[in-house]
Structure formats: C-alpha cells, structure tokens
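Welcome! Let's take a walk through this structure together, starting from one residue and working towards its surroundings.

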Amino acid sequence: MIFHFALLFWSVTFLIGLEIVALNPLFISWQWYLFSIGSLVIVSLLATRRLTGTTSDAFVPILLSFASPTLLSLIDNPPERQVFIVLSACMYYGALLGNYRLHHAPADKTAEAFLNSSAMAAMFFFYAGLYGFYLNFAFPLWGLMLLYAIGTALTSYETFITVDKRERNRVVLYSALLGLIMGEMAWVMSLWPFGYLTTGALGAILFFLVWDIAFDAFRETLSLRKALVRILFFLGLIILLLTSSPWRILV
C-alpha cells in the first residue's frame with residue numbers, strides 16, 4: 001500500500017516548513033539555519049520515531065531537511081520555488097514510505113526502491129545546495145569536502161543496510177569508501193567552471209555510478225560486463241551534461 005495518512009501528515013508538515021522558509025525574509029545566517037534546518041530535522045526525527053519506533057532510520061529524511069532549504073535559498077523564481085517545494089515533499093514522502101514499509105517487511109523490494117529513489121534525489125539536492133553555498137558564501141573547500149564525505153557515507157549506509165543488517169562491518173566499509181570518493185570529488189569539482197546545478201547533477205551521477213556498483217557488489221551480483229556497461233552509460237550522460245552546460249560559473 002502506497003498511501004498512509006500518517007506519512008501524508010508528516011510530509012505536509014515538511015512542505016509547510018519549506019513554505020515558511022521560502023517566505024522567511026531573513027538573510028542566510030546561523031540563525032536562519034537554526035530556524036529552518038533545525039526545525040525540519042526535528043520533524044524528521046519525530047516522524048521516523050512515530051512511524052518505525054526508532055530514529056536510526058531517519059538519515060534520508062534528515063538529509064532532505066538539510067539539503068532542501070539550502071537549495072531553496074538559491075532559487076529566486078517564485079514558481080520554481082513552489083515546484084521545488086512540492087518535489088521535495090514528494091521525495092520526503094517516498095523516504096518515509098520506504099522506511100515504514102521496510103520496518104514492517106525488511107525484504108520489501110518496492111519499499112527499498114522508494115527509499116533508494118528518495119536518497120538519490122536527496123543527494124542531488126545535497127550536492128547542488130552545498131556547492132551553491134560554497135560558491136556564494138565563501139564556504140571553505142575543506143568544509144565542502146568534509147560535508148560531501150559525511151553526507152555520502154551516511155546515505156550509503158542507510159541504503160546498504162536494508163540489504164542485509166547482519167553485514168554491518170561490510171556496510172560501514174563500503175559506505176566509508178563512497179564517502180571518501182565523493183569527498184575527493186568535491187575537490188575535483190571545485191576546479192570545474194560550472195554552476196551549482198550542473199555540478200550537483202554531476203555529483204549525483206558519479207555517486208549513483210559508484211553506489212550502484214557497490215550495491216551489486218554487496219549483493220554479490222556484480223559482473224565485469226555489467227560494470228562496464230554502466231560506466232559507459234553514465235560516461236555518456238556526463239559528456240552530454242558537460243557539452244550542454246555553459247562553461248562558466250552561474251550562481
């Protein structure tokens with residue numbers, strides 16, 4: 001079952017929180033983050049606790065709570081802001097739905113797909129929003145690299161642990177490796193002449209490529225042929241994105 005009133009309630013609460021952030025005239029500051037991100041993180045913790053009985057599965061909703069206001073603050077066009085808010089709420093619903101169904105049926109592949117899809121969207125918001133923050137507010141590069149690494153590692157952990165909770169050490173190892181890879185990629189991407197949306201899309205593509213290979217390796221279904229096909233496919237996407245994007249910084 002896809003519709004649950006409790007999930008809808010918490011998702012609408014998240015949407016209202018983003019609407020308040022969009023209407024908030026405060027300039028981005030620590031007070032702004034405490035007001036916007038802090039409130040949404042609390043909502044995510046409460047929602048996950050009420051739906052699953054634990055807060056250990058809350059990272060994808062928390063990542064959306066962190067990334068959505070950050071990226072929202074970089075969108076100036078009001079209609080685009082509204083579209084983004086609705087899209088974020090839908091991804092939030094998918095993350096809660098995935099956690100809720102996996103809590104009751106750990107082998108539910110549909111729930112796993114909902115959670116993973118929301119995680120991928122959250123990573124795009126996360127990479128794009130942080131990179132835009134880095135460009136606009138002179139955020140230190142080491143901080144960008146550290147946040148990319150931490151966010152990637154924790155997201156990877158939550159998606160990998162759904163496969164087999166008995167392999168926690170292996171999950172931690174794979175998650176840490178992905179975090180290190182994307183942390184280094186933050187440094188590489190800082191040298192590219194692209195805006196935050198293009199860079200966020202590139203980061204999401206690269207993350208999904210290494211995550212997908214690691215996911216198959218974890219399930220022991222990886223083959224050389226599958227890995228090469230995916231690498232070539234995503235390489236084609238990256239080339240298409242680079243050739244269709246302006247080679248100058250747009251923020």
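Leaving aside its neighbours within four places in sequence, which residues is Ala204 in contact with? In this predicted model, the partners of Ala204 beyond those neighbours are Phe124 and Tyr127. You will find Ala204 in helix α8, which covers residues 196-218. Its relative accessibility is 16%, and because buried means under 20%, Ala204 counts as buried. Now look across to Phe126: the C-alpha atoms of Ala204 and Phe126 are separated by 9.0 Å, although the two residues are 78 apart along the chain.

Setting aside residues up to four places away in sequence, Phe126 touches Leu63, Phe66, Ala67, Leu147, Tyr148 and Gly151.

Next, follow the aromatic rings. A pair of such rings is described by the distance of the centres and the angle of the planes. The whole structure holds 16 aromatic pairs. In one of them, the ring centres of Phe126 and Tyr148 are 6.1 Å apart and the planes meet at 40 degrees, so this pair is tilted. Phe126 belongs to helix α5 and Tyr148 to helix α6 (residues 141-160), so the pair ties together parts that are 22 residues apart in sequence. Both of these residues, Phe126 and Tyr148, are buried. Finally, ring pairs link Phe126 and Tyr148 with Phe66, Tyr127 and Phe207 into a cluster, and Tyr127 brings us back to a contact of Ala204.

How values were computed:
Residues numbered from 1 in each chain as written. Predicted model: local features only at pLDDT ≥ 70, side-chain atom pairs only at ≥ 80, totals over all residues. Heavy atoms only, no water. Contact = heavy atoms within 4.5 Å. Helix = DSSP H or I, 4+ residues; strand = E, 2+ residues; numbered from the N terminus. Buried < 20%, exposed > 50% of the residue type's maximum accessible area, 1.4 Å probe, protein only. Phe/Tyr/Trp six-rings, centres within 6.5 Å; stacked < 30°, edge-to-face > 60°.
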